[in-house]
Amino acid sequence: MAVRTQDVRRERTRGRRAAGAVIAGLLLASGCAASPRAPAGPTAQEVGATLDRRAAAVLAHDSEAYLAAVDPAAASFRTAQRTELGNLADVPLESWTYRVKDVIRRSADRVTADVELRYRIEGYDDAPVTSARTVELVRHGAGGPWYISADRAAKDSPDQLWQQGDIEVVRGAHSLVLGVGRRTQELRRIADTADRAVPAVGESWPEPWDRQVVVLVPESVEDMAGLLDSPAASYRGIAAVTTGEVGGSGRRPADRVIVNPQAYGMLGEFGQRVVLTHETTHVATRADTSAATPVWLSEGFADFTAYRQEARSAQELAPELTDAVRRGELPASLPADEDFGFGGDAAALARAYEGGWLVCELIAEEWGEEELIAFYRAVGGRSTRDGAVEHALQSVLGTTPEDFTARWREYLRDRLG
């Protein structure tokens with residue numbers, strides 16, 4: 001496929017791909033520690049109390065109570081805050097809380113707080129989505145109430161969808177699609193495709209997972225980049241990505257599939273189905289994916305699931321690797337993590353994805369699909385990369401890295417030559 005997908009948060013965790021790039025703007029305000037003589041500002045508890053009132057107003061969709069915590073002297077900010085709350089009106093929120101991590105005094109009547117926003121969507125999130133925020137508070141006169149005068153994404157943190165416009169919500173049988181600036185018909189088609197993807201992933205990955213997916217559809221690739229804290233150039237050819245923290249601890253974090261409406265819209269029905277099945281696989285396997293999991297395994301298994309029921313030949317699904325094998329350029333080793341980096345040689349990137357898929361195909365065909373799942377879990381069950389794959393090859397498949405690589409290279413000759 002010409003358009004590729006990407007599992008973003010794990011890439012950012014490992015610092016290997018473009019998804020870790022820093023977003024332009026929305027930077028944490030600089031400042032130095034207050035001197036011992038500085039007048040006392042609010043405690044974290046006082047800031048937390050203000051934010052708690054704001055959180056209750058969000059859940060109640062109470063604009064009057066929401067604005068009561070906003071600086072009455074900041075007219076433009078109040079207008080923006082009213083709009084943001086309205087943008088959330090149709091989103092089925094189950095929870096919305098703030099945790100104050102630090103408070104820095106700027107003066108007697110002005111402070112900056114490092115805050116973590118945590119929220120869940122009702123019926124979809126077992127764990128909260130977290131967002132690091134920088135909140136500024138002011139008061140007008142000693143002893144007066146504290147008001148929020150600014151609220152923005154912290155340094156290296158992404159925007160949120162409701163900051164980009166009014167969110168339209170489309171519910172599917174297994175999906176929830178949240179879109180901004182997109183036609184309802186388009187969002188409905190995405191929900192229908194996601195509804196087909198979820199049971200397909202369930203057949204491939206029978207381990208416990210929620211068997212539903214939340215899909216975000218921003219208005220443009222630039223807005224997509226804002227949701228991912230990365231430059232837009234990193235995503236122009238990418239149809240969708242998945243966000244979420246790697247698991248490995250049994251916790252199932254809240255993932256989001258984010259669609260690039262331009263690239264996704266260029267795909268046909270087959271391509272769109274493959275993309276959303278691939279990304280939904282990342283959602284399903286998240287808790288069993290860790291820092292020990294090589295990219296060829298996580299991306300290869302996602303493609304294995306996406307192609308599993310498609311009636312297309314290996315040569316059709318792996319055209320770049322097919323051409324290389326037929327030129328006598330058989331890969332010497334399994335794809336390395338850096339081979340999956342976007343922004344470089346597109347053909348080399350395609351060969352990495354295709355190679356990862358055929359690794360998983362090899363395991364499924366020669367050892368069985370149950371062993372493929374066991375292998376995936378065994379690798380992801382380790383906390384670090386060192387020895388993880390080697391141990392799983394021996395304990396699950398009864399082979400060595402050298403033997404396995406040789407068998408994979410022979411498999412490529414048989415399937416693609």
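Modeller: Let us begin with a term: a residue is called buried under 20% relative accessible area, exposed over 50% and partly exposed in between, with a 1.4 Å probe and protein chains only. By that rule, buried residues make up 54% of the 417 residues in the protein.

Colleague: What kind of model is this, and how are residues numbered?

Modeller: The model is predicted: local features need pLDDT of at least 70, side-chain atom pairs count only at pLDDT 80 or more, and totals for chains, interfaces and linings use all residues. Residues are numbered from 1 along each chain as its sequence is written, and side-chain values use heavy atoms, with hydrogens and water left out.

Colleague: How many helices and strands does the protein have?

Modeller: There are 15 helices and 10 strands. These are DSSP runs numbered from the N terminus, with helices (H or I) of at least four residues and strands (E) of at least two.

Colleague: At what angle do the axes of H9 and H12 cross?

Modeller: Helix H9 (residues 295–307) and helix H12 (residues 346–366) cross at roughly 70°, and their axes come within 7 Å. The axes are lines fitted to C-alpha atoms, for helices over the stretch in contact, and the angles run from 0 to 180 degrees between N-to-C directions. H9 and H12 are therefore roughly perpendicular to each other. That word covers 65 to 115 degrees; under 35 counts as roughly parallel, over 145 as roughly antiparallel, and the rest as oblique.

Colleague: Which residues of H9 and H12 meet?

Modeller: Among them are Trp296, Phe301 and Phe304 in H9, and Tyr353, Trp357 and Cys360 in H12. A contact means heavy atoms within 4.5 Å. The residues of this contact between H9 and H12 divide into 10 nonpolar, two polar and three charged. Here Ala, Val, Leu, Ile, Met, Phe, Trp, Tyr, Cys and Pro count as nonpolar, Asp, Glu, Lys and Arg as charged, and the others, Gly among them, as polar.

Colleague: How many aromatic pairs are found in the whole structure?

Modeller: The search finds 11 aromatic pairs. Rings of Phe, Tyr and Trp (its six-membered ring) pair if their centres lie within 6.5 Å; planes under 30 degrees apart count as stacked, over 60 as edge-to-face and the rest as tilted. Phe301 and Tyr376 form a tilted pair, at 5.4 Å centre to centre and 55° between the planes. This pair links distant parts of the chain, with Phe301 in helix H9 and Tyr376 in helix H13 (residues 369–380), 75 residues apart.

Colleague: Let us turn to the backbone. What is phi of His61 near?

Modeller: Phi of His61 is near 50°, a positive value in a residue other than glycine. Most residues other than glycine have a negative phi. His61 lies in the loop between helix H2 (44–60) and helix H3 (63–68), and His61 is partly exposed, with a relative accessible area of 36%.

Colleague: And where is Asp229 placed?

Modeller: Asp229 is in the loop between helix H6 (221–228) and strand S9 (238–243). Asp229 has a positive phi of about 60° although it is not a glycine, and Asp229 counts as buried at 2% relative accessibility.
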